[in-house]
Amino acid sequence: MNTFLDFEKPIAELEGKIKELRHLSDDGELNIVDEVTRLQSKAERLLKQTYSKLTPWQKTLVARHPDRPHFCDYIEALVEDFSPLAGDRAFGEDLAIVGGLGRFRGYSAVIIGHEKGADTEGRVRHNFGMARPEGYRKAVRLMDLAERFCLPVITLVDTPGAYPGIGAEERGQSEAIARAIQKCTDLRVPLISVVVGEGGSGGAIALAAANHVSMLENSVYSVISPEGCASILWRSPDKAQDAADALKLTAQDLHKLAIVDSIIPEPLGGAHRAPEGVIESVGDEIERALRALIGVPGGELRARRREKFMAIGQTGLS
Amino acid sequence: MNWITNSVLPKIQALVGREMPDNLWHKCPACGQMIFHRDLEQNLKVCPECDHHMRMGPIERLAILFDDGQYQTIEIAKTALDPLKFRDRKRYTDRLREAQAKTGRQDAIVVAHGTIGGSPAVVAVFDFAFMGGSMGSAVGEGLVRAAKLAETQNAALIAFPSSGGARMQEGILSLMQMPRSVAAVDKVKDKGLPYIVVLTDPTTGGVTASFAMLGDIHLAEPGAIIGFAGQRVIQETIREQLPDGFQKAEYLREHGMVDAVVPRRDLKQTLGRILGLLMAPGPIAKIVALPQPELVIAPRNDPGTTPADVTETDGASPSG
Ligand SMILES: [Zn+2]
């Protein structure tokens, strides 16, 4: 069963009609088969029309789509021998960030990412992908492990942001995020990041200060959610659409701003309509980026990464 | 407090000068006490009644920090203005112009250098009055410049954040100032120079979650609000009462995030002492750390079962 977004309503209606007719056409009536074909091409046209001109706000909704492939789907399809590793060795385990060792297309690697959860129970278990300090500290620990064994690090970003709570603040949410960013820029092994859904603020950059950063076509990456931005700057959360426009949070805008290195295309109608293909494309892009970094000395990987981020916002940009 | 009265006060008065009549009264926001303007300035903007530390502008701060009140500020290169052409209810360029007119500053950071307790120091101070001290490209540039200056002068780097966080109007570019500032201070630390953060009211959001939490030493001013998420956001999320003193400097010290809460009148002395201990170690030989071995993930000639070969070479003779 597909979950449709508000702006997909006309498509949903057509697809519903097609389904009904198909049910009828079991009787083998020819004109129904014709009608189905006609409606199908109409639905596809509509889908193409809608998705070729998605607004930044609509892209935000697609990026948050509940059926969009999540970290665990990528692991299942792309990584062999995945061995999840838990805990920050100080306080606890935070499943908003999942990480471990695994073999990606032959390469042993440390793979870390936000997981939002696929159903209600999963979403609660993974805290909707909103990590607490333990999640970031676990990520740092796994990056240390990668460095010790000279393994590349792959991160998949998909988070509304870091979790705002009393315990998180008490245990140093800021410090944990700062250390994770520091570890990312400091690593002496390749670090490759893909924003696969929502790149929410500090919680996202904590895993994404990478040598190579890609975004899926309909993913978003931003300093604050459009809703949060609207309620602060417009004093009204209803202005989220305006905020989404102003923030320039789409993959296309961020590529123009040279913040992301590449955009990975999604199938018509978004990643959730054909997850297998998207997951493979993400795998291909990671492999390409990884091959380009193999053989580069660790010190240089670190220097390049630092220089790249230290140059962002200097005179001349934009 | 002689040095303050003799050398600093005239300086402050010269700076704020005519516009501040001495007969002005201030109301302490904490205890409500009416304080004579001159008394408040003399007491470093700390309420004489309840010890509440009020916010302080960057120039006032610099004046009471360096030896003999002597320091030089540096130019910060102009960065791209309004790279996103951002407009909410107002244009970002208009907001910038207003803030510049109000503060007389290009952006929310001032970088200065001099000596503190005899040790060379580069100081980066935020101006909360400039768009809430928010961190955009210009503030990031200030931090990068400050870090580079510390490296070239073999000086300590001291940051005084006071910021609501990232500057939303610069979108992703403001988020990118987080890794940018982190990489900048890391280079100072790599050179063996001290990096000290003095957390002042308020330090929140993307600023706390980047360079401000990575100091060798974290000092904080009494009562300063320091945290990641805003209190309203937390309350809306958890729908619980926040504990007493939540996100205050003392609370952070209790939770292990801050080394010491230092009253403003002791700050200069404390910084001078710490810098002396770190930078002038006395009659002991410098302990030389071993160079880190170079890591290389090298491709294999035969792309067989194991595609990557792990080699560790000596840092002194890099290869591969
Ligand atoms: Zn008072």
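In chain B, seven strands make up an open sheet of mixed pairing, ordered 3-4-5-6-7-8-9; strands pair if DSSP finds at least two bridges between them. Strands (E, at least two residues) and helices (H or I, at least four) are DSSP runs numbered from the N terminus. The model is predicted: local features need pLDDT of at least 70 and side-chain atom pairs count only at pLDDT 80 or more, while totals for chains, interfaces and linings use all residues. Residues are numbered from 1 along each chain as its sequence is written, and chains are lettered from A, and ligands numbered from 1, in the order in which they are written.

Strand 9 runs parallel to strand 8 (residues 217–220) of chain B, and two bridges join them; B:Leu219 has B:Ala260 as its bridge partner in strand 9. Helix 11 (residues 264–279) of chain B packs on the sheet and touches strands 4, 5, 6, 7 (195–199) and 8 of chain B. The direction of this helix makes about 130° with that of strand 5 of chain B, where angles run from 0 to 180 degrees between N-to-C directions, with axes fitted to C-alpha atoms, for helices over the stretch in contact.

Chain B also meets chain A: 59 residues of chain B are in contact with 57 of chain A, contact requiring C-beta atoms, placed from the backbone, within 7 Å. On the side of chain B that touches chain A, helix 7 of chain B supplies the largest share, eight residues.

Key
Contact = placed C-beta atoms within 7 Å.
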